[in-house]
Amino acid sequence: MLRLRAICPFSWRAFQFRPFSYEPLIIQMNQCTDEEQIFDLIERNKATLSERQVGCAFNILWQLQQQKTSLLKNVEYVRDHPQFLTLYNLTANKFKLMNDDTLVKVLYITQQFDVNVLSVFSSCLADQHLYFSPLMGKIADIVHKNLETIQDLRPLSVLMVNISSLISRYFREQLVNKTELLFDTTDSSEVDIARRTVQFLRNVKYNYLPLLERCNKVFLSNVNHLDLDSISKILSLYKFLQFHNFEFVSMAKKRLTEMIPLFDHPASFVKLFVALGPIAGPEEKKQLKSTILLMSEELTSQQALAVLEAMEEMESRNSHLIKKIASVLHKHLDTFKPTELLKIIQALSFLHFQSKELFVKLRELLLSYLKISVIPSEISILVRAISMIPSPHLDAVGLSRIEAVLPQCNLSDLNGFVTSVLTWIQYSHMYLGSITGKQLKLLQKLDHYGHQRLQQSNDLDLLWEELKFFKGEWLPESLLEETIATLQRLMEEINYKNVAGIASFISRTNYLSTLLLDRIASVVIQQIEKIHPFAILAIIFPFSILNYDPPQRDEFFGICMQHLNSYLGVLDPLMLVFLGFSFATLEYFPEDLLKAIFNIKFLARLDSQLEILPSSLNTRAQFRLMELNRSVCLECPEFQIPWFHDRFCQQYNKDIGSMNGAQQQIYKMLAEVLGGINCVKASVLTPYYYTVDFECILDKRKKPLPYGNHNITLGQLPEMHWKSNTQIVGSRLPPGAERIALEFLDSKAFCKNIPHIKGKSAMKKRHLEILGYHVIQIPHFEWNSMALSTKDARMDYLRERIFREGKS
């Protein structure tokens, strides 16, 4: 209220000294025995009513309401009375003059009669950025107490957005459930309600798929009526919530492209650039960049930052435009918040922009913020930003700022500090030739507080909030065992709401916990009807990566696929490809899914989606489709799905041929073991474009056979020495001979905690065996063990693996 009063000091001062001349009217109000008498007084005195009299009128109305036996009927009568609207308008006009107690009472009472009034008041507070004010807290409390009686989603969606900063997890769930109940009663053209619902989910950082899908349907059915502001906002919300919908993005791209000629003002064109740029085609991107370049001198600091972030997402390399935007940012660096400075540094680093003057200024600003900041998350951001600029280092004052807030940090903050400290240590080691004791001591403290935080965790959902955005190497290196132990301790709390998130986290750890994966499978089987189909990919992923079948394998996979069947036509093409590949690594090939993927219509949709994906994700998606195509051809020939990836594989096999140190060592020893360099081939390209580290052929007496052509030299491109991509190996060998593939498996081929081979390596072994190979895998932990510390021991190891295990 202090801020509201500051806006109109003269009115407030006038109220404080107003003569007490309206007391007789308040006495008359207190003597009223029904609503009509109150409304009659309001109508006759509406031109002169004071804020105190308005508050009194509301109070009397509520006292009369509480005396009624038929509450609902009377509420409708009061709410629909014309003088209630007059009272409402008077209240809005005199809002800034009311003291806190009067205003809170008015808010509470008006909500009983009309939730629309409460939503308007909450928006008044939001307009003044009073999201954390006691008054907003009172509004949140009123909504909480009366949630069951609210039947109109329009004002409720406004209230949800405005009170979102103050609600608990339990209240969040109640609001989400209420929204789901009311959504079916909402007109499908209510875009604003759907947008506010998504805004609420973004504010509370809750990627709730059932509501997101329903809101998305509203957007799709009204896409032709969405303007630039709406499309821009929706795309931004989807990006934050990591909700991907190909149909909406495609339609948004079409609508936004049509708008390019319509905007020539920087404010509007920047919004268009940010929304369309990352999903535009090459020609549209060129047009957007050339236009924004002409406007660059007119951009505000925030517009320039928005353009820079969009260029990062677009993977732009237009050096002239980058330089122009950086120049605008440089002029306004003093106006940016710490989070914005971090965004600037991240984008400039990604775009390979270099400017000593700009980065010196950035460093000065970051250090000045660091000296005065007391918020752990902000200090973590500042430290992370400092570690990303050229010549990263931190003085004693900066280190002491970190140490001071460690006891207050959550795991995400601690991880940010660790990433930064490791960067400084690496820089000190490479360029300064020394590592300070203070850096190592700080790293030990960070580990200590990380372990302590995990050991004290007793709520899985709260722990997940700290883990879900985890990045970097600290967790795998220092806290992984403790984190898995904590998850196992709390695993009874895994349910349909958090199962996809926990599964996704396990996928990133490469740690095989059969307890956790069995629990995930059990929850899915028991609660599948409550799990959204969009979440199935995240659930399947760790089983695929870690090559693990739960005890109820067939039931688990079957129920997941059954749950997906009705969604095969609406799932994102990308998601379907990743689903198919994940199932294929687990030797599970649902026919309905494969038919949905391998048809002309779907592949055309996928091509359209690939055009709007970042280059790294685009390439990854194409590889997954190729690998799925290869797997189906080899393992399910009965489906008669053709192999159509020759050209793609030839394009991406140009860099194959080089060997690391261990592989070169094995290559030379194999030549000795097999009787000559011409008896072993390196980097062999097989049908369906697998690359085998080493290949040899043994005749029926287990004697090595020499190759006709001389072997390739190290670093040379491998040759595909079989003529047909689909030809089985044995058909080109002498009778009784066998082709042997030797594969060196480094640490990436195994789970983090045990020597259990991961999904892709296991799949490759299966496929090579189908192609006719006898596959010998050489794990790194065996090759580098003490038992094989001499050349003779390693030679004996190779002989035993080739000549004994090679026997049929």
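His 774 is partly exposed, with a relative accessibility of 24%. The residue belongs to strand S4, which spans residues 773–779. This is a predicted model. Its protein chain contains 41 helices and four strands, and 54% of its 808 residues count as buried. Of the contacts between residues at least 6 apart in sequence, 75% join residues at least 24 apart.

**Strand S4**

- His 774, in strand S4, lies 7.2 Å from Glu 738, C-alpha to C-alpha.
- In sequence, His 774 and Glu 738 are separated by 36 residues.

**Aromatic pairs**

- The structure contains 19 aromatic pairs.
- One of them joins Phe 219 and Tyr 238, which count as tilted because their ring planes stand at 55 degrees, with the ring centres 6.3 Å apart.
- Phe 219 comes from helix H14 (residues 209–221) and Tyr 238 from helix H15 (residues 228–241), so this pair ties together parts 19 residues apart in sequence.
- Both residues are buried: Phe 219 has a relative accessible area of 0%, and Tyr 238 has a relative accessibility of 3%.
- Phe 543 and Phe 556 make another tilted pair, at 4.9 Å centre to centre and with 50 degrees between the planes.
- Phe 543 is in helix H31 (residues 536–546) and Phe 556 in helix H32 (residues 553–564), so the pair ties together parts 13 residues apart in sequence.
- Phe 543 is buried at 0% relative accessibility, and Phe 556 is likewise buried at 0%.

**Aromatic cluster**

- Phe 219 and Tyr 238 also belong to one aromatic cluster, whose other members are Phe 243, Phe 248, Phe 534 and Tyr 567.

**Charges over rings**

- Arg 624 is placed over the face of Phe 581, 4.8 Å from the ring centre.
- Arg 630 has its charged end over the ring of Tyr 690, at 3.6 Å from the centre of that ring.

**Packing of H11 and H12**

- Helix H11 (residues 153–163) packs with helix H12 (residues 169–183) at an angle of about 155 degrees, and the two axes are 11 Å apart.
- H11 is therefore roughly antiparallel to H12, since an angle over 145 degrees counts as such.
- The crossing of H11 past H12 is left-handed.
- On the H11 side, the residues in contact are Leu 153, Leu 156, Met 160 and Ile 163.
- On the H12 side, they are Phe 171, Leu 175, Lys 178, Thr 179, Leu 182 and Phe 183.

- Most residues other than glycine have a negative phi.
- Gln 242, which is not a glycine, has a positive phi of about 55 degrees.
- Gln 242 sits in the loop between H15 and helix H16 (246–259), and at 53% relative accessibility Gln 242 counts as exposed.
- Tyr 689 also has a positive phi, near 65 degrees.
- Tyr 689 is found in the loop between strand S1 (681–685) and strand S2 (691–698).
- With a relative accessible area of 8%, Tyr 689 is buried, whereas Gln 242 is exposed.

Definitions and conventions:
Residues numbered from 1 in each chain as written. Predicted model: local features only at pLDDT ≥ 70, side-chain atom pairs only at ≥ 80, totals over all residues. Heavy atoms only, no water. Helix = DSSP H or I, 4+ residues; strand = E, 2+ residues; numbered from the N terminus. Buried < 20%, exposed > 50% of the residue type's maximum accessible area, 1.4 Å probe, protein only. Phe/Tyr/Trp six-rings, centres within 6.5 Å; stacked < 30°, edge-to-face > 60°. Lys NZ or Arg CZ within 6 Å of the ring centre and 35° of its normal. Axes fitted to C-alpha atoms, helices over the stretch in contact; angles between N-to-C directions. Parallel < 35°, antiparallel > 145°, perpendicular 65-115°, else oblique. Left-handed = near helix turned anticlockwise from the far one by under 90°. Contact = heavy atoms within 4.5 Å.
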